[in-house]
Amino acid sequence: MNTMIFIVILAAIRFQMLVAFPEPQCSNNDFQEKILEKTVRMELHIELLEKENKELKNQLLLTQNNYNVDLAAQNARLGEIEALILAKSLNTETRIAEAAETIMEKYTNGYCTKHKIIFRATLSTQSLALTAGKTAVFDTVHANFGNAYNPINGIFTPPLNGTYVFQFSMGNPTGKPGRLFLKKNAEFIDYVIAGHTSGWDIAGKTAFFYLEVGDIVYVEGTGYNAGTYDVNESIHSSFSGALMHAC
């Protein structure tokens with residue numbers, strides 16, 4: 001392509017020279033030298049243009065290569081960012097799933113088993129004589145999760161620090177009054193009375209308080225305390241408790 005251009009340009013130049021410079025009256029050698037000189041200059045100019053054109057092509061190619069390299073680098077970096085986002089997303093999902101599984105495990109198995117502290121006890125006899133300063137032993141255990149209640153001595157010992165709820169009740173017939181006192185480490189908490197009115201008199205109380213490992217909770221009383229009768233499984237007195245919140 002460059003050769004064809006050169007031939008066309010050279011022919012045009014020679015034509016212009018013939019028109020612009022008619023054969024002079026001087027010698028033929030002088031005329032040929034001038035034509036040759038102009039031709040050489042034109043060839044040099046063409047070579048210079050070709051060189052510049054080649055340099056421009058090389059610069060264009062280099063620019064394109066640099067662009068391709070930059071584009072490839074940007075695509076690679078974009079891929080790294082996408083992979084990082086995906087990894088973090090998967091990691092977050094995994095952590096959420098693990099946390100949910102831990103919570104489920106905590107509240108359905110291990111947590112409930114460890115924190116399931118519940119007891120309920122009644123009297124095995126129809127009556128119990130209560131003596132001041134002596135623990136009223138509710139010796140028939142209906143539930144004792146955590147084994148914190150001792151039916152031998154009637155004392156509840158908390159295995160965990162936390163807030164507990166206790167309920168105690170008594171029922172007495174007319175003429176046989178009695179009182180029950182709920183105590184924590186010999187400290188008075190609450191009391192109930194029964195048997196001071198006509199017919200059967202049943203009273204009960206509920207108390208919430210904080211306990212620490214090593215504390216004891218029990219019931220004392222005075223007077224008469226009716227227990228369990230065979231008729232319709234009538235339970236007149238009971239002692240129960242449960243852990244509400246461990247902390």
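**Strand β7**

I started with β7, where 6 of the 7 residues are buried; buried means under 20% relative accessible area, exposed over 50%, and partly exposed in between, with a 1.4 Å probe and protein chains only. Strands here are DSSP runs of E with at least two residues, helices are runs of H or I with at least four, and both are numbered from the N terminus. I noted that the model is predicted, so local features need pLDDT of at least 70 and side-chain atom pairs count only at pLDDT 80 or more, while totals for chains, interfaces and linings use all residues. Residues are numbered from 1 along each chain as its sequence is written, and side-chain values use heavy atoms, with hydrogens and water left out.

**Partners of β7**

Which strands pair with β7? I found β8, antiparallel, over 7 bridges. I also found β10, antiparallel, over 7 bridges. Two strands pair if DSSP finds at least two bridges between them. On the β8 side, Lys184 has Glu187 as its bridge partner. The hairpin of β7 and β8 has 2 residues between the strands, and Asn185 takes a positive phi near 50° there. On the β10 side, Leu180 stands opposite Gly221.

**Salt bridges**

I looked up the salt bridges next and got 3 in the structure. The criterion is a side-chain nitrogen of Lys or Arg within 4 Å of a carboxyl oxygen of Asp or Glu.

Lys183 and Glu220 meet at 3.0 Å, N to O. This pair links distant parts of the chain, with Lys183 in β7 and Glu220 in β10, 37 residues apart. Are these two residues buried or exposed? Lys183 is buried, at 18% relative accessible area. Glu220 is buried too, at 10%.

Lys205 and Asp190 also meet at 3.0 Å, N to O. Lys205 lies in β9 and Asp190 in β8, so the pair ties together parts that are 15 residues apart in sequence. I logged Lys205 as partly exposed, at 31% relative accessibility.

Arg77 and Glu80 meet at 3.2 Å, N to O. They are 3 residues apart in helix α2, so about one helical turn separates them. Glu80 is partly exposed, at 47%.

**Nonpolar core**

I then turned to the largest nonpolar core, which has 27 residues. Such a core is a set of buried Ala, Val, Leu, Ile, Met, Phe, Trp, Tyr and Cys residues joined through side-chain atoms within 4.5 Å. Phe138, Phe156, Phe166, Leu180, Leu182 and Phe239 have the most contacts inside it. Strands that each supply at least two residues of this core include β1 (118-122), β7 (178-184) and β10 (217-226).

I checked the neighbours of Phe156, leaving out residues up to four places away in sequence. Contact means heavy atoms within 4.5 Å. Among those touched are Phe119, Tyr164, Phe166, Leu211 and Val217.

**Surface and whole chain**

Leu36, Val40 and Leu44 make a nonpolar surface patch of about 270 Å². Patches take residues with over 30% relative accessible area and no salt bridge, joining like charges within 9 Å and nonpolar side chains (Val, Leu, Ile, Met, Phe, Trp, Tyr) within 5 Å. Val40 sits in α2 (residues 28-115). It is partly exposed, at 37% relative accessibility.

The chain exposes about 16400 Å², with carbon and sulfur atoms supplying 59%. Areas come from the Shrake-Rupley method with a 1.4 Å probe; for residues, only the protein chains shown count as cover. I counted 2 helices and 13 strands. Of the 247 residues, 27% are buried.
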